[in-house]
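Take a look at the chain below. This report starts with its overall build and then turns to one helix.

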Amino acid sequence: MNWPRALLTDSGGFQMVSLLHLADITEKGVTFQSPVDGKPMLLTPEESIQIQNRIGADIIMALDDVVKTTITGPRIEEAMYHTLRWIDRCIAAHERPHEQNLFGIVQGGLDPVLRDICVRGLVDRNLPGYAIGGLAGGESKDSFWRVVAQCTAALPEDKPRYVMGVGYPLDIVVCSALGADMYDCVYPTRTARFGTALVPEGVLKLKHNAMADDTRPIDPTCACMVCRTYSRAYIHCLVTKDAMGSQLLSYHNLYYMMKLSRDLHTSIIEGRFPEFVCNFLRIMFPKGDVPEWVCNAMEVAGIDISSCCSPFSSSQD
């Protein structure tokens, strides 16, 4: 790949959700129906680690049993215990522990008891880092932040805490306040393909007719190549007809996310993270209508955001 920076690979566990109609999950592993020729393919914890060992990523993920957070019943508990048993097989199969960091993944759905069992089981194994999995799958925001808060509070502070599949800027700021360190998501590029740009105020939909004659950049405060070079009107023309529009928006959105991450990290290092959060919320919610779940999460995180919240206006989402 010749990628000269840090690299993380996932285990294939997410396919249990995204390709569930093709998968059969047993104690041995996951049997997939090949989308190429229809033949069955078995992915075991051992095979997942061997593949990631060959790729050589700096961070590799244990194979976990993933279920949607909207599912209820005994399947949640079964998946959590699969994940705990499989982590031992992943550790045993890991041939490059001094070069690659194996992270375990906390499962347990929205059940705080199951999440606690999984956290304690993974921490007992003293792994290089820990991920919080199974979220961003359709659960309410109130349930989402509470699971993150529970897990980050119980995971070691001196090890990376990684919330998988989370990529909305607001979610990243909230989860960082709750103690998370790492994230991944296709959102910045996927939303770009639908003609949407990320801006400090939220999103800007370039496909809207109102953009057709707008000669301003996507974000006047952004220093990226796209904002320095092209107008909203030009990108509007492209996104309705040409793939180049999606590429330019992807470039801008990734730049936005990288700047957000840098600014967030710097504010923590310099001891002004609460001010960063308030400024972020003030710009995104200028009327003070910060969602109630954000207010509740910040209260648990010990961050006073009263200066950017209207006492009369608060939404659920």
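## Overall build

With 317 residues, a compact globule would have a radius of gyration near 20 Å; this chain has 21 Å, which agrees. That radius is taken over C-alpha atoms, and the globule rule is 2.2 Å times the number of residues to the power 0.38. The C-alpha atoms fill a box of roughly 60 × 45 × 40 Å along the principal axes.

The model is predicted: local features need pLDDT of at least 70, side-chain atom pairs count only at pLDDT 80 or more, and totals for chains, interfaces and linings use all residues. Residues are numbered from 1 along each chain as its sequence is written, and side-chain values use heavy atoms, with hydrogens and water left out.

## Elements and burial

The chain holds twelve helices and eleven strands. These are DSSP runs, numbered from the N terminus: helices are H or I with at least four residues, strands E with at least two.

Buried residues (under 20% relative accessible area, 1.4 Å probe, protein chains only) make up 48% of the 317. Contacts are heavy atoms within 4.5 Å. Of those with a separation of 6 or more, 62% join residues 24 or more positions apart.

## A covered helix

How many residues of helix α6 (residues 169–177) are buried? Nine of its nine. Among them are Pro 169, Leu 170, Asp 171 and Cys 175.

What do they pack against? The partners include α5 (141–154), β9 (182–183), α7 (187–193) and α10 (243–269). Just after α6, Gly 179 takes a positive phi of about 115 degrees.

Definitions and conventions: Buried < 20%, exposed > 50% of the residue type's maximum accessible area, 1.4 Å probe, protein only.
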